[in-house]
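Load the model in your viewer and keep the selection panel open. The tour goes stop by stop.

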Amino acid sequence: MKPQFEKPFTQQEPVSEETIARVGDILRSGRLHRYNTMPGEASEAALLEKEYAAYQGAEYCLACSSGGYALSVALRAAGLKPGDQVLANAYTLAPVPGAIHNAGGVPVFIEIDEDWHIDLNDLRSKAEATQARFLMLSHMRGHIADMGAIVALCEEFDITLVEDCAHTMGAHWNGVKSGNFGRVAAFSAQTYKHINSGEGGLLTTNDAQIAARAIIMSGSYMLYGSHGAAPDESVFASVKLTTPNYSGRMDNVRAALLRDQLPGLDENVRRWKLRYQALETVMINAPNVDVSERSQNEDYVGSSFQFRPCLQPSMIPDLVANCGARGVDIKWFGAAEPQAFTSRYDSWRYLGEPDALPQTLEVLSRTCDIRVPLTFEESDCRFVAEIIVSEVDALVETSL
Ligand SMILES: *Cc1c(COP(=O)(O)O)cnc(C)c1O
């Protein structure tokens with residue numbers, strides 16, 4: 001029998017005993033709601049906001065219920081009106097078009113390039129053609145596009161940039177933290193992202209009006225004064241009665257989980273990179289697997305790995321099955337019908353007839369992806385890569 005890989009691709013690291021003890025204290029206190037505090041007490045959610053704003057280097061932070069919620073509130077707080085068009089990557093995860101739709105926006109999908117970035121030429125032509133006022137940019141799978149060019153384009157067309165940093169928490173472009181390029185950024189704390197509270201979201205911005213509106217929208221019951229990284233009282237005066245409550249708060253248990261993980265985030269980014277590089281070293285030397293070289297400007301988080309097998313797309317389901325039989329879970333983005341996840345613009349049929357985006361479909365028809373959990377050692381990653389390479393080679397053999 002061929003060597004098998006035994007570890008699950010969906011296993012995250014455990015929550016530490018100290019964190020479990022802290023959560024126990026919160027549970028015993030009964031004060032789980034972020035506004036349920038003793039006199040003078042700052043809630044865990046408020047402390048998380050303060051600490052995440054400091055980590056991110058942003059003025060304001062809102063902790064909320066999910067990354068998708070943060071995206072949708074970001075758009076509304078930045079002034080999106082029902083029917084407004086929002087430029088967005090054609091390759092992203094379902095919460096992104098869902099957040100645009102939820103906020104009343106209409107997504108206009110942009111092609112991706114060979115390396116999964118938003119395509120700058122298509123972005124320019126659609127910015128021109130639609131005069132859209134918003135760009136929701138997903139740094140999909142941690143691949144950061146040329147941010148200098150994107151920021152310049154947004155300035156040229158007076159577009160508000162919202163960054164979806166679900167895959168780039170802790171990443172940098174040219175030394176600047178991902179999330180600090182646009183007007184507002186959203187992060188996810190869902191289990192498979194970079195800090196884990198099961199579910200959770202963070203919104204950051206340097207814009208006081210956006211921050212105030214986002215806080216009121218998240219359901220602050222006029223208790224905005226107890227937030228950890230909020231603008232001055234005076235900013236709320238103009239928004240508090242004209243901004244709806246779309247409840248989506250973070251609770252103290254989740255906030256405590258995240259507060260305990262935040263100090264270890266940069267170390268985990270380093271650990272992810274080692275695992276990514278272990279996969280890359282094996283795959284980059286394989287004649288039948290194509291791996292993109294990462295830009296020198298990019299300091300990425302290697303929590304997933306993408307590659308293109310040199311196979312006809314019609315053979316990739318066999319590759320997925322053969323690797324699966326050896327314990328290696330590969331996602332393929334080329335399937336006509338999505339399985340377990342949707343990341344392709346033509347899967348979101350509630351948006352109506354999809355546009356034709358042939359370049360995106362062509363790139364995705366060759367794109368494979370694996371998760372890289374921190375429960376894998378570097379040796380596990382080399383083993384996983386060897387299994388993939390050998391299964392690709394075997395299929396190449398049979399197709400000759
Ligand atoms: C996970 C994810 C989000 C947000 O997801 P939630 O599950 O709502 O926290 C947004 N964009 C991308 C690309 C994601 O992968």
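How many residues of domain 1 are in contact with residues of domain 2? Select both sides to find out: 41 residues of domain 1 touch 39 residues of domain 2. Keep in mind that this is a predicted model.

**Stop 1: the two domains**

Colour residues 17-264 as domain 1 and residues 265-399 as domain 2.

**Stop 2: the surface between them**

The size of an interface is often given as the accessible area lost when the parts come together. Here domain 1 and domain 2 bury about 3,300 Å² between them. Carbon and sulfur atoms make up 52% of that area. Now pick Glu111, Trp116 and Arg141 in domain 1; these three lose the most area to domain 2. Together they account for 19% of what the domain 1 side buries.

**Stop 3**

Side chains of opposite charge can pair when their charged atoms come close. Between domain 1 and domain 2 there are four salt bridges. Show the side chains of Arg308 and Asp115: they form a salt bridge, with 3.8 Å from N to O.

**Stop 3: the ligand**

Centre on the ligand. Which residues come nearest? Of the 14 residues around the ligand, they are Gly68, Asp164, His167, Ser188 and Lys193.

From a polar backbone atom of Gly67 to a ligand oxygen, read 2.8 Å. From a polar side-chain atom of Asp164 to a ligand nitrogen, read 2.7 Å. From a polar side-chain atom of Lys193 to a ligand oxygen, read 2.9 Å.

**Stop 5**

Zoom out. The whole structure contains 26 salt bridges. Select Glu44 and Arg22, whose side chains meet in a salt bridge at 2.4 Å, N to O. Glu44 belongs to helix H2 (residues 44-56), while Arg22 belongs to helix H1 (residues 17-29). The two residues are 22 apart, so the pair links distant parts of the chain.

Methods: Residues are numbered from 1 along each chain as its sequence is written. This is a predicted model: local features need pLDDT of at least 70, side-chain atom pairs count only at pLDDT 80 or more; totals for chains, interfaces and linings use all residues. Side-chain values use heavy atoms; hydrogens and water are left out. Domain bounds come from an automatic or database domain assignment. Contact means heavy atoms within 4.5 Å. Buried area is the accessible area (1.4 Å probe) that two parts lose on being put together, summed over both. A residue is near a molecule or strand if one of its heavy atoms lies within 4 Å of it. A polar contact is a pair of N or O atoms within 3.5 Å; within protein, one must be able to donate a hydrogen and the other to accept it, and residues adjacent in sequence count only if both atoms are side-chain atoms. Helices (H or I, at least four residues) and strands (E, at least two) are DSSP runs, numbered from the N terminus.
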